[in-house]
Structure formats: C-alpha cells, structure tokens
Amino acid sequence: MTTAQESDHHESRYRIGVDIGGTFTDGTLVDSTTGRVTTSKVLSTPSNPASGFISAVKKLLSSASVDPSHIEHVVHATTVATNAIIEGKTARTAFVTTQGFRDMLEIARQIRPSLYDLQFEKPAPLVPRQLCFEVEERVNAKGEVVTPLDDHSLNQVVNQLASSDIEAVAICLLHSYRNPDHERRIGEAISEKLPNVIVSISSDVVPEFREYLRASTTVINSSVAPIVSAYLSSISQKLVSENVTSELLVMQSSGGVYPAQSASENPVFMVESGPAAGAVAAAALGSNLGQPNVISFDMGGTTAKASLIREGQPNITKDYSVGGAAQSGTGAFGGASGYPIRTPVVDLVEIGAGGGSIAWVDSGGALRVGPHSAGADPGPVCYGLGGTKPTITDANLVLGRLDPNYFAGGEMKLDIDSARESIRVNCANQLKISVEEAAHGIIEIANTAMVNALRLVSVQRGHDPRDFMLIGFGGAGPAHTVRLAEQAGIPKVLIPLGPGTASALGLLVTDVRMEGSATLIVRADQADLTQISREFQRLENLGRKAHKQAASASGAPVFERAIEMRYWGQSFELSIPAPNRSEIDQTWMQELTESFHNAHQTAYGFRANDEPIEIVNLRLTTVGKIARPQMLKLSITDTGVSIALKGTRPVYFSEESGKQGMIESKVYDRSLLPAGAVFSGPAIVEEPDCTTVVHPNWQATIDEFGNIIIQPKN
Amino acid sequence: MIEPKIEPIRFEVIRNALSQAAEEMAIALRRSAYSTNVKTRQDFSCAFFDKELRSVAQAFTQPVHLGSFVRHVPIAVKRYGPENLSQGDMILSNDPYGGGVHLNDISLIGPVYYRNQLVGYTACLAHHVDVGGGAPASVGAFKEVFQEGIIIPPIKLVNKGKVDNDLFRLVLSQIRSKRETSGDFRAQIASNITGAIRIKEIIDRYGLEEFHLYVNEIIEYTDRRTRAEVERLPKGVYKAEGFVDNDGFSDDVVKLKIKVTIDEEGVTFDTSGSDSQRRAPVNSTFAQTFSACAYALRSLMDKDLPVNDGFYRYVKVNAPEGTVTNCVHPAPVVGGWETHVRLNDLIFEAMATALPNEVCAGTKSMQCHSGFGGENPETGEYYCFLETLAGGYGARSSSDGPDAVQSHGQNTENAPIEETESNYPVQIMRYELITDSEGPGEFRGGLGLRRDYAFPNETTFTVLADRDKAGPRGLFEGQTGSKSVYALIQNGQEHHLSSKTTVQLQPGDVISYRTSGGGGYGSPMKRDPDAVLSDVLQGKISIDRARKRYGVVIDIGRQSVDEIQTERLRNGG
C-alpha cells in the first residue's frame, strides 16, 4: 500500500489524536505501518486548554521517541464549544433578524419540554433580549424582496452593536435560504464597522427553511466561534513551535473530521466532537473483533456518554439539541429542553456523572451525585489540589477500588484521609451511616443514572441490551463498567487497551468528511436538470477547495451526492443517493424518483405514484479517505497470570449474592497480563491511566489484541 | 399451577419496545403527513390497545388526547363490532356523540392479528385541518353539530388492506383542503401499518403467551404505581368556579364549577353546577371533560409514571348530562376544548391551598385557534390553515411563569413562518412578546405574545379563542395577567373582534392576535428588585410598571435599582 505520498515522506507515518475532556487530556500516537500505539494522559487545563493539549503532544513525542517532522497529521476532539454552552460561557453574542421577529429565540417553538410538569422551565435564550435587533427588510417565500433593506435601520443596528461590547453576531433573516442577499449585506456592514466581531450568516451555516431551527444553529455557531477559533489558532501555533507542521484536523459531531480552518468558521459542526470520537472508537474496536453491535460507554471526569452502534455504524441524527435533557425514546419534545442544531450528530445520551461529579446531601436528606463537577481544577479532594467536596473518584478511592499510590501510574499520590474526611463531613454524618456505606451509596447512585443512560440508547430504542457488548472506556469508565453490565443485563464487557485514552483512538480511524448543501425546493417534474448539474458542480468545487486544507492528511477527494426529496406537501425529506450515472438527464431523474418512491415505501409503508415529488436540497459530502492503522496483535502465551499479580488489597463490594463489605481482592498489572490470561473477580486491573474493577461472579480473559473481555462466571 | 414468572429485565424491554412501537407510529405519521397542523405542529396521537381494548402504550404529543382518544377508540370498535373486522381492515371515526370530541379529531383504528389471532389494535388520531362545515378549518360559531362538518360514525375505510375509494371520495368531497387531507389520511394508514409491524416483531421474539402476560403486567404495574400516588395526595374536598368569557352568540359568561374529592376511595372530579349546554360552540363532550381531569391528575403525580389503562381506571368523573361539561346531541362541540382547558385552571386553583408548591397560577388556558382559508390563486386549490397560539404561563411558588408557551392539555408547536408563507397565501408581519402583559407577583406570570397576519387575497378568517374579558388569575396575592385582544386592522383602523367569530377579509387586511399573560404568584411587592431590573433591561416590563405594580424604582442610566426610593415606595413612603 505504498502511495506517492508515502514514498515522498518516508518517515511521515505517525498520527496523533488528542481528545480533551473536562478533566483529562488524552493523547494517542499510532505508527500507521506497525499499529504500535503510544498513549499519554495529562490533566486538562480548563483555563487554557491549549496548554494541556500541547503537554499531551510533547509527552507522546518523547515517550515514543518520534521526530516531530514525521507526524502525518494531528486530529483533535474538543469539548470547548459544548462546555461554553452548558456552562453559559459563550461569547457575548448579538442576534439580528427581520423587523417584527426580534423574539424568535425567546418564543422558540412555544412548547413545554415536558408534558405533565407544572414546574417546567424553558431554557434561557443564548442571546439576551436586549441584544436582539431588528432590521427593516423583508423577503418573501419565493425569495423576492418585499421590503428593500433599509440603510438607515441597518446603520442604526450597526451603531447599537458597536456600543454593545459584543464578540459575535448571528444573522438570520426570514427566507434567507432562498435569497441570502440581505443577510450578506448586513454581514458586510457589520464586518466593516466591527472587523473584530465574528459574524455568522444563517444562509451560510445551514441554508434550510424553518427560521427558528436555522436561527438557533446560527446563534450557536457564532456564540462559540470566537472561543473555538482563538483556541484552534493557539494550538496550531503551539504545534508549530514544537516543530509539528502537519495538518491539524478536528473531529465533527458526526464522526468525520474536517480541517481546523473549517472548524473555526463553522464550529457548530463540532459541538459534540468528543463524544463522537468515543462512539467511532467503540465502533472500530467492535468491528475489529467481528462484533458490529456494541454499546459504547465513555466516562471521563465530568460526564458519562452512552451510544449504540449497530452494524458497525453509530446512529446519526439531525434532530439534536445541545444541553438538552436526556431524551426518552424519540420523544417529540426532548429537544425543547435545550438548543436545537440542524447539523449531523452521533446519537448519544450524555449525563452529568463523571469521576469529578460532586456528591451532596439535599435539603430533603437525600444523597445526590452531580450535576456539579470538581473537574480538573480543583478536582477531587484526594488530588490535594484544593478540592473540598467529595466526588465519585474520592468514593472509589475510599472503597479500595483505586490505589492511592498508583494513580496516573504513580505520578500522582492520592490523599485517602482527606477523601474519607470529606465524605464523612459532607455525606456520612448527615445520613448517620459509615464512611464506606456513604461512599458505596455515592457509587450506586451514580451507577443508577448511568444504567439509565445505557437503557435510553438500547431498551428505549427497542434494542435488547443482551444482544450487545458493552465497551467501557474513559478514565473513570472501567471502574464502573462491569457493575453497569450486571445491572443492565449485558452479558459481555470489553475494556480496550489504554481505556483512558481510547476515545482519542477514534480520532485516528475515521475519514475527512465535509458537508455541503444547496436548497432548491422545486417539483421534480419541473426541475431544471442543468441547474442541478451546475449546483452539484459548484458544491464539488467548494468541497475540493475545502479538501485542499486536508489534502496532505487524506486521499484524493471522493464525492457522495444525495438528493433530499419528499412528496410535494410533506415537510420531512428522505435522503436519496444520486443515481450512479455520469449525465444528469431524464433517465437520471426517472431513476431518482423511482428510488424515492421505493424509499418512501420502505420508510412509511406506502408509495404515492400519482403525487408530485419535490426536490428540497442537494447534498454533497466530500470525503478524503484516511487509511486505517493496523491493530497490533499479541501472541497468545501460556505464562499464566501470576507474573502480572501485584498483590492483594481489600475492596468494598456489595453484590446481590449477599457478600458485603471489604473483600480481599487480587490486583493485576495490566501491562504484564499476557494474551490468553484468565482470572476471576473480585479483582482489580491497574494501568497508568485507568483502573478496571472486576466484580465477584465475573471472569476476565485477555484477547489477542490485549482487550480485557469480562463475562459472568458459568 | 405454576405462577407465571415476570422477569424484570424482560419486562422493561417489552414495556419500552411497545412504547417505541407507538413512538415509531408517531414518527411515520408526522413525517409522511401533509398539513402543517400534523407534520409540524404535531396535533396527533398514536397508541396500542390490547385485545380487550385497554390502552397499553401511547405516544402522545398532546395531553388533550390523553383521556379522549383512549375513550373514543374502545367505543368506536365496540359500536362497529370487533367481529366485523378482519386482517388489513381499518375503521375511521370522529363522532362526538360516540365517545369522540370535536369533528376535526379523526381516529383511524386497525386490528392487529398474529397468525390469525387478534392481539390488539393500533390507532392514531389526527387533528385534520378541515372537515367541512360552515367555515374554513372547520372552526367557527354554529348552533348545531351538523353545521360543524362531516360526522363520521365508525366506518371501514380500509378493507383487507385496500382503501374503499367510494367512501374515501364521499368523505373528501365534504372537505375543503382535499390534497392535504388525503395526504394526512395516507399518513394515518402508514402509522397504523408501522405499529402493526413492530407489534408482530415483538411477538415473534417473545411468543404470544409471553406477550399477553407482559402486556397485562404493564397495565398492572401502572395500576400499582398510580394507587401509591393517589394515596400520597392530601385528603379533602376542594372547590373552585370560573368562566369561559362568552359563547360566541351571547356575551354572557359560561359558568364552570369543579369539586375535587380526595378520600380513601380515590379522586373524584365533579362538575355539577356548571351551566347548561349552549346552542353555541363551548360544549365539552364527556370525553373532553374526562381528558381535562385525567391531565390534572397526571400532573400531580410522579413525572415518569407510564400512562395506560392502569392509570385511567383511577380517574373518576361526575359530569351531569346536558351541561357544558357533558353535552348531549346535537349541541355543537368545536369549542369544547375552551371549556376543557379552563377546567384545568380551575382544578389547579382548587388544589392550591392543599398543594401550594405543586400547582401554578392561572395560565393562558384557552386553545386560541387561528383558522383561515380560501382559494389559493397560485394553485387554484381551496386551502385551509389552522394553528393555535401560545400565551403566558402561570407563576409557581418558586419560579416565574415562562413567557409565550402552550398550557395544560395543549403543547402544539408554532407553525414556522417560512413554512406557513411557503404553503399558504399569507404574510406574517410580526411575532413577538407583549411588554407588560404579565400578571405581577413575587413570581410573575409569563408574557403573552402578538402575531399579525396580512392577507393579500380575500380570505375567510375565524377566531376561536377566549380570555377577552379577563386574564388568567393569580394565586396568593399574585395578580391577574393581561387579557387577550383579537383585532382586525383595515385601512389602518383597528377593530376589536369577539373571541369566537368568523370574518370575511379583503385584500390587505391584517388580523392581530395578542394573547393573555400568565397569573402571578405571591405579592409583587415582595418580588426581588433585581428580578424586576432584569425584566426592565430586557424590555419585558416598563419602568413605569416596575414602579406602579412592583414598587421598584429603576435608575435606567445606571442600569440599577434605586434602593432608597424602592424601600420608600414599598414600605409606605
């Protein structure tokens, strides 16, 4: 598989993936020819995430002894955008719209997020009402100008913006998906007067009809853009100063990657960047073992995420809300609790339970866990960095599940006495129970919430969890995964090598993908075929241009064309792959409409041959293939597990089988566990970035890729 | 005999798979439908009933359908005779006097067979944008149900998998918006087919015996949880009375009375003392009143209680026949939802002293229909459009009422302006919150909203709403929200309209809706001055109102509260 590229850059065979979570920054370096993986884990630096990023890269380069100039490309997943939204720390953003519609964001869809809750809240708009402005102009549904853009009113708004101390502006005018002229002119006027303000235009971000969804997507894009672009340019500079000059790519919410430049301009495509990486990694791990149906469970310091992978592919959705409540089923109103975006996102459930989630006793005397997190700074009490509130990590430490002397491979000593004291003062005393019981309660409460997340993606979508394998990773995941499988009825658990950094691996097993679309809204029988051909050509040119930024990292651009269609009068489209013909002619159109009728029959059980069909959008995805790295295989040995046994220690378990309290458990060093090794719980497996807890009644096996496979005994 | 064993994980899986089947019915209906009211505003519901016609799983987008749909389906099937149904059949029904509600809500019901054995029914209800009658969108003030549109007793629309085209043409010929309505009917058929496929898959997997066992357990599970919830409610007798503001013909208010009795027997809702039914569109059928009570009870229970037959059996309603809460033939019913939703406000008002932290102050509590239609010059077709508008929500004991949101049984989305203008000859001129419309309180009510429609052509427009005499009430010294205004703006002149009227519009006319604000909770003089400041800075309330109604003086130059002046004003200065 020698390509021209490789022969030119003989040594450019290393790829780096860096995934920044709320608490830790994980790095993975893969030698794409041998499959050898090096990992690193450093504390995230929330006040300046770029500094954690570069420490992770430096650590990778030095521990793998790789020359920075031999790096093929760097792929990055970051929660910088979504954190800003959830924590209410988005850039100060203004909203500009058509006169009469200032309250588009306030009114949203006029619905309640839950049907029977009289105490419900509507999410506060990301732009406060005093920063929403109206411009006198109007375009009708055909794209014709009804009221010309009024210069006086535009100037007034620009002046108001100038005195409002804003960092970004989102512009969404009615019917701009049909005619973007007024939006562009307003954008230019603002940029001219306020060159440092980032401007997002709805007809660029998501040229689709339905004003509120387009406005919400655009507002999110602009309100995180200053944060994302400053961040990406800072890490680019830092990479250069470390002599890494190769392409920087960013993970999108959909599981494909795109160039950093595209990410700076359209960050709304990457708001769920980190979670997508985890799902892609789990899909790759499962496929590699011939297990295309897996549930991915990724628990870091701040949140836990679950997603379901069928036939090797994560589910993708375009009905997504950032910061929304966990959706039950495909509930029509799940989205009303957050901020909707109309960009493709890996379908997952995320809950506020991570290693850093804080335990507390509420006014009613109930023990609660989360949603507040101690994050990396000050972090759990046991880190000794100033944290005073007990966290899940503190509870795991008190229960003996973590070793105070072997955290981060021994680089960091954990203070067990402070952790105990904090649980005593903040939880156990109020509840009048022992510290161990309180610690165990903290874990079980967090587990219940996580089991619920697993059920939401499986049972709630009609899938039986018993048909799936649970892949647990993230720094905090493997300490909980076996217990979750037990409670959710999942018969098989996989803990990959380097679980703490596994989601960074997902960054290295996907392709460059860039979405482009053009809105037509025309009846198929009246469509101008040359226009369709022209639009696809235009999108290909744009895609080719965008791909250039990722050219060194991926293969030549390949284009996937699809047409979004519906029966004339419907509102939801089906995406139909374009017929595989070189010419867009009458035959092409006949094949296309026939495919649509068939797809409609499959989706909804009927076809309406006599009904007119409408073409809504043309979609073009530019794909730059990235060759997958080889997975390193170990040879099965019969050396047994004793060489990996580090010793024993008491660990607290409370199982349905009746055992409760501290049970003496074997502790293994993962790096010494050979392929083929078999051992039983209760056991603890330690590696530098993670600890796996194997509960009583479960048995573990090491497979040929070094994964721990854990199944119930008998 | 061996006790059949319920395995907890299997129980959860089957329970959720059934809910998922209902959800998928909803998705199929929504995504293949044509009218904005169904595809975007989601005015529909889907459910699976077992072979005894007990509701098992439901995908409800609209709580109003909660009680009504589950009453209508069994009655319709029994009237038609389950013995007259076979595989591939579906029956259509909207008869208000056969367990139904207003004529727009049409149910389509199909038996599900598994290897020639009846296992249950999939059913879906859609609010059709037009069913004929005296005005486009079939909303308006009439004196008899016959004027309101086509009445469909249970009839077989789909016979062994084939649509009965004669019947279909007969139904469609009564209806203005033929293309959209036939699209919506097709979507309903698709929904039932989808549900039946999913149900069969579940039985394939677990077997028929297990299926029936778990279906029964799903209902019993809800029964057990509902009983526990009912026992938790405070025992006592709670009363309230109120009004629908007019009936569309006479300006006299329509009196409503509610008595809620909670005792060892359970919960009983009694509407005795409510006005006699009117020859006007404010009559609620029993199903609608039942639905109001079911919603109120459900709202006072655990949020994740799954609703099915095991819940409904605890909703006891005594609504005397011949009153506006249980009308008899041939009373008109199209505005029955106004009575229904006002009952909800009254039930919560009645319960306020016993459950002060669980209820809310008066909300919009009207359907607030805006319906119009006429010939679309672009297509030459007769079109109809219907939507309902939000208003302010009532304040709660520790939070403000949200602005511009649907209330109680109603949770329909707004019609996106771009979608509306793309499909119908209308231009929306503004859509905004109304400053100073909130009911003042320590926690304030939500703001009402304004929506203006401009019509380039002759159009027939119907307002079917309420709240034009009095706004939603406050609780515990909280004050009343603003009342609604419905106006016709013609040649720059504004004329107020009745809340239940049909008008003929000329090209260029504008109709303006300004909906009510929510009631406040607690004395506005106790409101946190910083919360008042925030409202003023956002332009939600005026400086003048802050001073007069809240006793808070704002220094707008400094964007701060003038604490000395406020103190003086609030403490009798």
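**Confidence in chain A**

Begin by colouring chain A by pLDDT. Its mean is 88, and 95% of the residues of chain A reach 70 or more. Next select residues 1–10 of chain A, where the pLDDT is below 50. Beyond near neighbours in sequence, the model gives this stretch two contacts. Then move to residues 326–334 of chain A, over which pLDDT also stays under 50. Here the model has 22 contacts beyond four places in sequence. Where pLDDT is low, the predicted coordinates should not be read in detail.

**Domains of chain A**

Colour chain A by domain: domain 1 covers 4–85 + 229–270, domain 2 covers 91–224 and domain 3 covers 512–624. Select domains 1 and 3 of chain A, whose centres, taken over C-alpha atoms, are separated by 33 Å. Twelve residues of domain 1 of chain A are in contact with eight residues of domain 3 of chain A. On the domain 1 side, the elements that give two or more residues are strands E4 (71–78), E11 (247–251) and E12 (257–259), together with helix H9 (260–265), of chain A. Strand E12(A) gives the most to this side, with three residues. By class, the domain 1 side consists of four nonpolar, six polar and two charged residues.

**From chain A to chain B**

Now display both chains and select the residues between them. On chain A, 47 residues are in contact with 61 residues of chain B. Helix H4 (104–107) and helix H8 (211–241) of chain A are the elements that give two or more residues to the chain A side. That side has 18 nonpolar, 16 polar and 13 charged residues.

**A helix pair in chain B**

Finally, select residues 65–80 (helix H3) and residues 286–299 (helix H7) of chain B. Show side chains for the residues that make the contact: H3(B) supplies Leu66(B), Gly67(B), Ser68(B), Arg71(B) and His72(B). From H7(B) come Ala287(B), Gln288(B), Phe290(B), Ser291(B), Ala294(B), Tyr295(B) and Arg298(B). Taken by class, the residues of this contact are five nonpolar, five polar and two charged.

Methods:
Residues numbered from 1 in each chain as written. Chains lettered and ligands numbered in written order. Predicted model: local features only at pLDDT ≥ 70, side-chain atom pairs only at ≥ 80, totals over all residues. Contact = placed C-beta atoms within 7 Å. Helix = DSSP H or I, 4+ residues; strand = E, 2+ residues; numbered from the N terminus. Nonpolar A, V, L, I, M, F, W, Y, C, P; charged D, E, K, R; others polar. Domains from an automatic or database assignment. Axes fitted to C-alpha atoms, helices over the stretch in contact; angles between N-to-C directions. pLDDT = per-residue confidence, 0-100.
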